[in-house]
Amino acid sequence: MAIRCLSAPFSPPSAPLSHKILVSKAPTLILACGHRSIAVEDKNHRFRSVGKAMVSAEKDLVANEVAKDADDTDYGVVSIHHVGLLCENLEKSLAFYKDLLGLEINEARPHEKLPYRGAWLWVGSEMIHLMELPNPDPLTGRPEHGGRDRHACIAIRDVSKLKAIFDKAGIHYTLSRSGRPAIFARDPDGNALEFTQVD
């Protein structure tokens, strides 16, 4: 199945979305949904559902036809919603993620309903969920290069600017071993993060 995003990545809307179906002679269905347009087509030129991206009234008309051809394995993957990271001290972690990296807290996510302290931070349209829990991972003996450890990757626009921020803050980092524009660092709890440059 081929999926093409025809506009900027989705971000939380500030106004109600408008929905419409665009029709063309090409064998590709294009769905326009506010900030994002998605085209879906499989190798046999059959259209398939893309789950939550299709959220308009017109969706029902298309979805009925799509469902006839969809595999049982097509359960509508859209994107990664969030990555959960353990932290020993929430304030220390927020100093890194919020103050140093500039990520904003999503105040709409639950805090008091969970049996531990935490915070949800926006990373584009997805999130990092910081959870103040005992960290089972050792802080020593981890690979020097975060790319050889389990890690979360954040797409950014300028690796050189982030490198300067890390240099000024005294944050240890390594650069991509392949030579591509990417930088690896660890948060205060040793969680590995990759920041890869995208156009």
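The model is a predicted one, in which local features need pLDDT of at least 70 and side-chain atom pairs count only at pLDDT 80 or more, whereas totals for chains, interfaces and linings use all residues. Residues are numbered from 1 along each chain as its sequence is written, and side-chain values use heavy atoms, with hydrogens and water left out.

The mean pLDDT of the chain (the predictor's confidence in each residue, from 0 to 100) is 77, and 64% of the residues reach 70 or more. Over residues 1-11 the pLDDT is below 50, and this stretch has 28 contacts in the model beyond near neighbours in sequence, a contact being defined by heavy atoms within 4.5 Å. Over residues 13-55 the pLDDT is likewise below 50, and the corresponding number of contacts beyond near neighbours in sequence is 97.

The secondary structure of the chain comprises three helices and 11 strands, where helices (H or I, at least four residues) and strands (E, at least two) are DSSP runs numbered from the N terminus. From the N terminus on, these elements follow the order β-β-β-β-α-β-α-β-β-β-α-β-β-β. Of the 199 residues of the chain, 34% count as buried; the term denotes under 20% relative accessible area, with exposed meaning over 50% and partly exposed in between (1.4 Å probe, protein chains only). Among contacts in the chain between residues at least 6 apart in sequence, 54% join residues at least 24 apart.

Helix 2 spans residues 90-100, and within this helix L90, S93, L94, F96 and Y97 are buried. Seen down the axis of helix 2, the buried residues fall within an arc of 160°, so they line one face of the helix; the arc is that of the directions from the helix axis to the C-beta atoms. On the other side of helix 2, K92 and D99 are exposed. The cover over the buried residues of helix 2 includes strand 5 (82-87), strand 6 (118-123), strand 7 (126-132), strand 10 (182-186) and strand 11 (192-197). The N-terminal end of helix 2 is capped by N89, a side-chain oxygen of which lies 3.2 Å from the backbone nitrogen of E91, and just after helix 2 a positive phi of about 80° is taken by G102.

In helix 3 (residues 159-169), the residues V159, L162 and F166 are buried. They cover an arc of only 65° around the axis, which puts them on the same side of helix 3, while the face turned away from this buried side carries the exposed residues K161 and K168. Helix 2, strand 8 (151-156), strand 9, strand 10 and strand 11 are included in what covers the buried residues of helix 3. Just after helix 3, G170 adopts a positive phi of about 75°.

W120, in strand 6, is buried with a relative accessible area of 4%. Leaving aside neighbours within four places in sequence, W120 is in contact with H82, E104, I105, N106, R109, P110, H111, M127, I128 and H129. A polar atom of the W120 side chain lies 3.3 Å from the backbone oxygen of P110.

T174 is placed in strand 9 (residues 173-175) and counts as buried at 7% relative accessibility. Not counting residues up to four places away in sequence, T174 touches E144, H145, G146, A182, I183 and F184. E144 and T174 are 30 residues apart in sequence, with their C-alpha atoms 8.0 Å apart in space. The side chains of T174 and H145 are joined by a polar contact of 2.7 Å, that is, a pair of N or O atoms within 3.5 Å, of which, within protein, one must be able to donate a hydrogen and the other to accept it, residues adjacent in sequence counting only if both atoms are side-chain atoms.

The structure holds zero disulfides, a disulfide being a pair of cysteine sulfur atoms within 2.5 Å. C87 is buried, with a relative accessible area of 0%, whereas C153 is partly exposed, with a relative accessible area of 44%.
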